[in-house]
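Please read these notes with the model open beside you. Each point takes up one part of the chain.

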Amino acid sequence: MTASTAAAVAARRQQTQDKLVQVEKAIGQLRRERGRMTVRAIAGRAGVSATFLYENTDARTLVKAAVADSRSRHDRLGQEQHDRIEASWRERALNAEAALTRTQKEVFAQRQRIGELMGQLRDFDQMVPGDSVQQLTTENTTLKHRVHQLTQEHRKFQERLEGARSNLRFAEKRIANLEAQLLERD
């Protein structure tokens, strides 16, 4: 090998090493930025061709490791997110079950209370003699009739009041007109 060939090979190796350093830096930047690890993204960030990443063994190894690590990190983040969501739903389900239990207890208590009140009504019906019930019913009917009469009287008085107010307004207008005529004569 001649000196110029050796120099060219050394320059080529140095250029390859520089590109590998750029690829490592690009992978580090994408990790920090949580960017998407793809061959195109790494090549673009490093300023090298995708062909270099595929053909160079060291570059291909770096890219494969980065993509695999990214996928496992992405899977881990996805699993963590899934676990958070599932924990949220689990908490909601537990809260719903607790609320359902409270509601069922409340319904049971209300049913017992209704049963007690129905029993008291039956007891009251048995305690009150039949004549008293008839008397209460008659008195209730009489009171309803009296309320109806008073309502009608109230309506009549309202109509009379409206009529009186209307007459008063008419009279005040008439008086004002007559006063104006008197003033005009003077």
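1. Leaving aside its neighbours within four places in sequence, which residues is Asn 56 in contact with? They are Thr 16 and Leu 20; contact here means heavy atoms within 4.5 Å. Asn 56 sits in the loop between helix H3 (50–55) and H4. Helices are DSSP runs of H or I with at least four residues, numbered from the N terminus.

2. Some ground rules. This is a predicted model, in which local features need pLDDT of at least 70, side-chain atom pairs count only at pLDDT 80 or more, and totals for chains, interfaces and linings use all residues. Residues are numbered from 1 along each chain as its sequence is written, and side-chain values use heavy atoms, with hydrogens and water left out.

3. On confidence: pLDDT is the predictor's confidence in each residue, from 0 to 100. The chain has an average pLDDT of 84, and 91% of the residues score at least 70. Among the elements of the chain, the lowest mean pLDDT, 80, belongs to helix H4 (residues 57–127). Helix H5 (residues 130–185) has the highest, at 88.

4. Back to Asn 56. Is this residue buried or exposed? Its relative accessibility is 16%, so Asn 56 counts as buried. The cut-offs are under 20% relative accessible area for buried, over 50% for exposed, and partly exposed in between, with a 1.4 Å probe and protein chains only. The side chain of Asn 56 also reaches the backbone nitrogen of Ala 59, at 3.0 Å. That is a polar contact, meaning a pair of N or O atoms within 3.5 Å; within protein, one must be able to donate a hydrogen and the other to accept it, and residues adjacent in sequence count only if both atoms are side-chain atoms.

5. Lys 19 lies over the face of Phe 52, at 5.2 Å from the ring centre. For a charge to sit over a ring, NZ of Lys or CZ of Arg must be within 6 Å of the ring centre and within 35 degrees of the ring normal.

6. Which residues of helix H2 (residues 39–46) are buried? They are Val 39, Ile 42, Ala 43 and Ala 46. Seen down the axis of H2, these buried residues fall within an arc of 100°, so they line one face of the helix. The arc is that of the directions from the helix axis to the C-beta atoms. On the other side of H2, Arg 40 and Gly 44 are exposed. Gly 47 follows H2, and its phi is positive, near 75°.

7. Ala 43 is worth checking on its own. At 5% relative accessibility, Ala 43 counts as buried. Leaving out residues up to four places away in sequence, Ala 43 touches Val 48, Ser 49, Ala 50 and Leu 53. Between the C-alpha atoms of Ala 43 and Asp 58, 15 residues apart along the chain, the separation is 14 Å.

8. His 82 is found in helix H4 and is partly exposed, with a relative accessible area of 43%. His 82 and Gly 119 are 37 residues apart in sequence, and 55 Å apart in space, C-alpha to C-alpha. Gln 112 is also in helix H4 and is partly exposed, at 44%. The C-alpha atoms of Gln 112 and Asp 123, 11 residues apart along the chain, are separated by 16 Å. Glu 116, another residue of helix H4, is partly exposed, at 48%. Its C-alpha atom and that of Glu 97, 19 residues apart along the chain, are separated by 29 Å.

How values were computed:
Helix = DSSP H or I, 4+ residues; strand = E, 2+ residues; numbered from the N terminus.
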